Amino acid sequence: METIENMPRPEIVLVADTVAREKNIDRDDVLVAMEIAIQKAARSKYGFEHDIRAHIDRKTGAISMARYREVVENGVELENESAQLWLDDALAYDPNIKVGEFLIDQLPPIDFGRIAAQTAKQVIVQKVREAERNKQFEEYKEKIGTIINGTVKRVEFGNVVLDIGKTEAILRRDEIIPREKFKNGDRVRAYVLDVRRENKGPQIFLSRTCPEFLSKLFTSEVPEIYDGIVKIVSVARDPGSKAKISVRTDDVTIDPVGACVGLRGIRVQAVVTELQGEKIDIVPYSEDRAQYIVSALAPSEVSKVVIDEENNRIEVVVPQEQFSIAIGRRGQNVKLASQLLGCDIDVLTEEQEQERRSNENKVRSQRFMEALDVDEMIAHLLIAEGFSKVDEIAMVDLSELAEIEGFDEEVASELQSRAKEYVTKRDQEFEKQSKSLGLDEKLQTVDGLDRDMLLTLANNGIKTIDDLADLAADELIEILGEDTVSIQEANRIIMGAREHWFE
């Protein structure tokens, strides 16, 4: 005869199916919630210290309950006497049982009283709600990096809450395009920036100002980008005002810029309209970095491009009348070009560039004259050949020095000998001073700092890499001097010092 606890309960399965269908969650999640509710009701009857587990047959709905007791080594202190027992005691019930296994005692069905039934109902509702939230979280987590549509539900302190169907999403005020206003019922498109799991359900954060939003809009408007024929290389935005997007293609028969613009500008205009009139420059990508820079700085004309690979800096020289165009209003054009290329761009007029070169050559000339004990003419010859540091003269192949017009092997050998002597003496002096000042060796590994800078920092109390990392860019410039480093270089040095914080 079938025991009462294993009697089929088809109504249990029917309820689970109904709830799963209504809430659009997994049927098994509902049955697990029911099992937890039954366990909780049973523990309230037998005692919460007991390990009681319930199981619902997935096909018949039959409910079974059992008490579990873990078998532990003899003599071990029991953490919970109701849920553990020693091996010798367990062997009296089951001669084959081992340590780590469970002694399982079947329990009779319980009569659900009003309070127990109410508790069970609360547990089921809570667990179903959790399952529903988990499903929503997983569903929207997959949508990170895509554009979704929503309807404005309410506006709170400048943040816009959107109804996106099954849940709500937040468009924070700093992610809204400037001067953009929304009211209840407005339809909004936005980029899914992040989805976070929280107690009250998944929190979905949207953006209309991030560069990725612009990329996705072009992907939806330009079939060639969607199909992968034209690729977006980089995007830079000043939301609501101006943007630059660089594109490329491996298909020589396709003009990537023309594909993005579309016939009579219809494609780019659709994106501009969505972004509240944000002007968009479409830049053709080029493997020739100098050409890429010239395109990125359009509409200005560029006379010369000097690329400093070591410091990741670019110097662009433009005619005087093109300077304001290259910089743009409030520096916008050069800022966006810098973001597009991922490096700093200095824009100079031809007159400024000549003056800077003249000043740099004057400083280098003086340095060579003092370090090598030579006259101005020899110093200028070395500069003309591309030498900028004494170390370069000390390390260069002697034959290269001898090939300089006006030099012979004897002069080249003497110059190199003086350079090596200067470098050795300078290094010894630096070593002595750095030790006396307590200069940390790790600080000496930061890119962008030479020996003179390091000594200046040490004399101003900046002796460790953390001391440097704590500085702001303007503080570093004040210590080293405005003519020594620019604001971009100062920021790069400080970020280099902070790298170990994030490792």
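Helix H11 (residues 332–341) lies across S10, S11 and S12 and runs at about 140° to S10, where contact means heavy atoms within 4.5 Å. Helices (H or I, at least four residues) and strands (E, at least two) are DSSP runs numbered from the N terminus, and angles run from 0 to 180 degrees between N-to-C directions of axes fitted to C-alpha atoms, for helices over the stretch in contact. This is a predicted model, in which local features need pLDDT of at least 70 and side-chain atom pairs count only at pLDDT 80 or more, while totals for chains, interfaces and linings use all residues. Residues are numbered from 1 along each chain as its sequence is written, and side-chain values use heavy atoms, with hydrogens and water left out.

Helix H5 (residues 211–221) also lies across S10, S11 and S12, running at about 140° to S10. The three strands form an open sheet of order S10-S11-S12 with mixed pairing, two strands being paired if DSSP finds at least two bridges between them. Its edge strands are S10 (230–238) and S12 (279–284), and S10 is joined to antiparallel S11 (residues 242–249) by 8 bridges.

The whole structure holds 2 aromatic pairs, defined for Phe, Tyr and Trp (its six-membered ring) by centres within 6.5 Å, with planes under 30 degrees apart counted as stacked, over 60 as edge-to-face and the rest as tilted.

| Pair | Centres | Planes | Class |
|---|---|---|---|
| Tyr68 and Phe102 | 5.9 Å | 65° | edge-to-face |
| Tyr285 and Tyr292 | 4.8 Å | 70° | edge-to-face |

Tyr68 belongs to strand S2 (residues 63–72) and Phe102 to strand S4 (residues 102–107), so their pair ties together parts 34 residues apart in sequence.
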